[in-house]
Amino acid sequence: MQTLNQLTDDQLVALYSNGNTKAFDTLLSRYQDKLYSYINFVVRNRDLADDIFQDTFVKAIVTLQKGNYTSTGKFGAWLTRIAHNLIIDYFRQDKNENTISNDAQEYDLLNDASLAEANVEDTMINEQTLRDVRRLVDALPDNQREVVFMRYYQDLSFKEIADITGVSINTALGRMRYALINIRKMSADNGIALSLAV
Amino acid sequence: MDQTSTTSSLLSENLIRAAVKSGSYGQPATKTLDFIRNFAAQMCNVA
């Protein structure tokens, strides 16, 4: 007999729709870390990430129980799209209520003292390099950061990224291209080597 | 693009991937997970 963990997402969705709450718990366990990581990476605030994570699953649960979910074998991408839309809604609302630009925050990140220290440190270890690169990724514009995370952390295809973010594949590819250009430019400006010691 | 720049480009892409993968982005709070599980069970009973 198959355990719930061995079932596909769509099989678990079908079981949950028929009243099996353990099937839902399995889906939640399967996606909670990846989805939360995505949300927290984008919003950079744990409390806000928790709220959006919760709202994402509430929307998903309501949709599943109404029988409005169409099985496509892409349950994780569907959850990410719900979260993406909630994040967009939040920032749209926040922008209307708060006129402070995030330019200052990006400036601060690039002028972080540890980056400057890294620049003169001849014995930079790999872990420090990885931290520095994460800072560079963190300093990217939001839509580029999001694509970098979806591609490199979630291992999504550009087709999936395009579907989730509601843009064309070319736009998703373009955002990644600009992200890489920006990272390389920032690394050059800050004297950070984009290679690991071997 | 010559061979050297292609190799360099791939190397830095791999480094960026490694950096993003090695980051820690936290986990949902236990109370959030409990709320979601309870809500899922309640919605099951309603349907």
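The model described here is predicted, and local features are taken at pLDDT of at least 70, side-chain atom pairs only at pLDDT 80 or more, while totals for chains, interfaces and linings use all residues. Residues are numbered from 1 along each chain as its sequence is written, with chains lettered from A and ligands numbered from 1 in the order in which they are written.

Let us start with the overall fold. Chain A has 10 helices and 0 strands, where helices (H or I, at least four residues) and strands (E, at least two) are DSSP runs numbered from the N terminus. Of its 198 residues, 30% are buried; a residue is buried if 20 or more other C-beta atoms, placed from the backbone, lie within 10 Å of its own, exposed if 12 or fewer do, and partly exposed in between.

Helix 7 of chain A, residues 126-138, reaches 18 Å from its first C-alpha to its last, close to the 18 Å expected at 1.5 Å a residue (1.5 Å times one less than the number of residues). Its buried residues include Thr129(A), Val133(A) and Leu136(A). Seen down the axis, the buried residues of helix 7 of chain A fall within an arc of 145 degrees (taken from the directions from the axis to the C-beta atoms), so they line one face of the helix.

What about the partner chain? In all, 34 residues of chain A are in contact with 28 residues of chain B, contact meaning C-beta atoms within 7 Å. Helix 2 of chain A gives the most to this side, with 10 residues.

Finally, Ser71(A) sits in the loop between helix 3 and helix 4 of chain A. With 13 C-beta neighbours inside 10 Å, Ser71(A) counts as partly exposed. Beyond its neighbours within four places in sequence, Ser71(A) is in contact with Asp10(A) and Val13(A).

Technical notes
Two residues are in contact if their C-beta atoms, placed from the backbone, lie within 7 Å.
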